[in-house]
Amino acid sequence: MMATLLRTPAGRRADALVERVADNPVLGLANGAEPGTIQRPQLAPEPQPEEPSRALALSDMIAVQAGPGEALIRLAYRIGVPGHALAAPFRRPPPLRVLATVESPNRGDRAAGTALRAGHFLIHGARLPIANLDFAPAARHAPGIERALHSFSWLSDLAASAPRADCIVVAERITTQWLHANRAPGKGPAWEVEHAGLRLVAWLVHAPLVLAGHDKTLKSRLLSAIAETAAWLDKKAPRAGAGFGQVAGWAGIVAAGLLLPHGKPRRLFGEAGLVKALGDMVGEDGGVLSRCPAAQLDAIRLLTDLLACYEAVDVSPPPALDVMRELLVPPLLALRHGDGALGSWQGQGAIPADRVAAVIEASGIRTRPLTNTANWGYHRIRAGDTLLQFDTAPPPRSRHARVGCASTLAFELSDGPARIIVNCGGAALAGGQVPARIGQGLRATAAFSTLVLDNANSTAVLLHGQLGKGVETVAVERRMVAGRGREATRIEAAHDGYAARFGLTHQRILTLSGDGTELAGEDILIPSAKNGKRGKIAFALRFHLGRGVEVQLSGDKRGASLLLPDGRLWQFRLRGDRAGAGAITLAAEDSLWVDGDGRPHATEQLVIEGLALRSGGQFSWLLRKTG
C-alpha cells in the first residue's frame with residue numbers, strides 16, 4: 001500500500017491532507033447516522049515534508065566544475081566585463097563569425113518544411129502565406145503561432161524537407177522579413193526570453209541555412225542580430241521567471257558562448273545559470289513543473305541541440321546536462337498511449353507518435369516509461385493491451401503554467417492503438433484550425449473526463465493560460481487488490497477544489513483488472529465539514545470518447561456499447577448510485593477532440609447527470625471489454 005500527498009508542483013507544503021473515507025469503502029452509515037447522510041472521514045496524520053528551495057536542486061547534485069580562475073571569469077562577466085576582454089585582454093575583438101557547423105540529431109517536420117518551400121507556414125493545421133505575415137512587434141497572432149514564428153523553430157522543418165541548397169532561398173527570404181520588422185531588441189512577442197533563446201539556438205544550429213547564401217548584406221545583418229540577441233539575453237535571462245522560458249534563455253547564452261569567438265566567459269556564465277534554471281523547472285521524478293507533455297518534449301529537444309553544439313566545438317558539457325536529459329525521458333514515455341502518441345494534458349493535443357519517437361531517438365536515451373510519476377502527478381497503469389493515465393495532482397502554479405487546465409482527477413484509457421476515453425485537449429493550439437474563442441473552453445474541467453459540480457471548474461481558469469484558486473492538495477493511494485485471476489491495481493485520489501465553494505471533496509477510485517478487461521470507477525462526494533450543507537447541487541460525470549468510437553445507449557439508459565474503430569467492443573454500465581436526490585441520467589452528447597497537429601474532430605461523450613445532496617453522494621460505473 002502506498003499513500004501520497006501531492007502538493008502544488010512548486011514544492012509548497014500542503015496545509016492538510018484531503019480527507020478520505022475511513023470507516024467503509026462503500027460509505028456505509030455509521031451508527032446513529034441519518035439515512036442519506038455521508039459521514040465525514042477521519043483526518044489522516046499530516047506528513048511534514050521538507051520544503052525544497054526549488055523543484056530539483058540539480059546544481060547541488062552535480063555542480064558546474066570550475067577552478068578559481070574560471071570562477072573569477074564567470075564573476076567578471078556577470079558584472080559586465082566584455083567577454084573578449086576576459087578571453088584575450090591584449091587583442092582586438094575578432095570578427096564576428098560562427099565557429100563550427102552543428103550536426104544536430106533532431107529532425108523537423110518534413111510536411112511543414114515542404115509547405116514553407118511552397119510559400120506558406122503550416123502551424124497547428126493552419127496555412128499562413130509567408131508574403132502576408134507581419135513579424136512586427138505590434139502584430140498579434142495566437143500564442144502558439146507567435147512562438148513558431150519568432151522562435152525560428154521552422155528552420156528545422158525546412159532543413160528536413162529537402163537538400164540544403166534547395167532551402168537556402170526560403171530561409172533567407174523569411175529571415176530578411178523578420179529582421180526588417182525587428183531591427184533591434186525591444187518589446188513584443190519576439191522578445192520574450194523563451195522566444196529569443198530558442199531563436200538564438202536555432203540561428204546557431206542552422207547557421208548553414210541562413211548564413212551560407214549569396215546575400216552578403218543578410219549575413220552581416222544576421223551576425224549583428226545574433227550578437228545583439230546574445231547580449232540582450234545576458235541581461236534578461238537571469239531575471240526571467242522559472243520555467244522553460246528561462247531555460248531557453250540560458251541555453252541561447254550557452255550556445256552563443258560555444259559558437260561565437262572568445263565565448264568562454266559567456267559559456268561559463270551561461271552554464272551556471274542553465275543548470276540552476278533546469279533545477280527550477282523540473283521535479284524530483286523528471287517531470288516539468290508545467291505538467292505539460294509538450295514542454296517535456298521541448299526540453300529534451302533543446303538539450304539535444306545544445307549538446308550537439310558542445311560536440312561541434314569539442315568541448316565537454318557539464319555532466320548535469322546529460323543527467324537532466326536522462327531524467328526527462330522516462331516521464332514523457334509514461335504519457336504515451338498504445339498508438340505511441342501522447343495523452344491530451346495541460347492544453348496539448350495528442351502529439352503524434354512519429355514526432356515523439358523522433359525526439360526520443362535523437363536524445364539517444366533508451367529507457368522504460370516511469371510507472372509512478374507521483375511528483376509529476378500522472379499515474380500510469382498497463383494491463384494487457386489496456387493503458388490508463390490518471391491525473392492525480394493539482395494543476396501547475398501560474399508561474400509554471402503554459403496553458404493551465406483544470407483537469408485534476410481526469411483520466412484517459414486506451415486499448416491497443418484505439419483510444420476509448422480521452423480529454424478534449426488542444427487549448428494551446430487555439431488560433432490555428434481551432435478557433436481562438438474555443439481555446440478557453442478547452443481548459444475547463446468540463447473538457448476533461450472527470451466530475452464537474454454546478455458546471456464550475458475545479459480550479460479557476462483565467463486569461464493568458466493562467467490559473468486561479470481551486471485545487472490545493474490531492475491525496476493519493478495506490479495498491480494492488482485481489483481480482484479475478486490476476487491482481488488488480490487500485491488508485492484512490494481526492495481533491496479539495498470544490499471544498500471552499502460547495503463544501504464537498506471529490507474522491508475518485510479507479511480499479512483496473514490484471515488482464516485489462518475491466519475498469520471499475522467510483523466517484524464520491526464527501527462533505528468537507530463536520531456538518532454538511534443542506535440542499536442539492538447539480539453534478540456531471542463526463543467521459544469524452546476517442547475519435548471514431550461509435551456509441552449505442554442501452555434501452556434502460558443506464559449503459560452504452562462502445563465500438564472502437566478496430567472492431568473491439570467495450571460496454572459502459574452505470575451501477576448503483578447513492579446520490580440521495582433522485583434518479584440520475586446517462587446520455588450521449590457531442591464533444592470535440594483535438595489531435596496533435598491542431599485539427600479538431602467531432603466526437604461524442606457519455607454524460608452522467610443529476611442532483612446530489614450537499615451532504616454527499618456516490619456514483620459507481622464500470623467499463624468492460626466484451627469483444
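Is C405 buried or exposed, and what is its relative accessible area? C405 is buried, at a relative accessible area of 0%; buried denotes under 20%, exposed over 50%, and partly exposed the range in between (1.4 Å probe, protein chains only). The model is predicted: local features need pLDDT of at least 70 and side-chain atom pairs count only at pLDDT 80 or more, whereas totals for chains, interfaces and linings use all residues. Residues are numbered from 1 along each chain as its sequence is written, and side-chain values use heavy atoms, with hydrogens and water left out.

**View 1. Cysteines C292 and C405.** The whole structure contains zero disulfides, a disulfide being a pair of cysteine sulfur atoms within 2.5 Å. For C292, the nearest cysteine sulfur is that of C405, 8.6 Å away. C292 is buried, with a relative accessible area of 1%.

View 2. N106 belongs to the loop between α3 (83–87) and α4 (110–117); helices are DSSP runs (H or I, at least four residues) numbered from the N terminus. Its relative accessibility is 7%, so N106 counts as buried. Beyond its neighbours within four places in sequence, N106 is in contact (heavy atoms within 4.5 Å) with R301, T304, D305 and A362.

**View 3. Helix α8 (residues 193–205).** Because 13 of the 13 residues of α8 are buried, this helix is largely enclosed by the rest of the structure.

**View 4. Helix α6 (residues 154–161).** Six of the eight residues of α6 are buried, so the helix is largely enclosed by the rest of the structure. These buried residues are W154, L155, S156, D157, L158 and S161.

How values were computed:
Helices (H or I, at least four residues) and strands (E, at least two) are DSSP runs, numbered from the N terminus.
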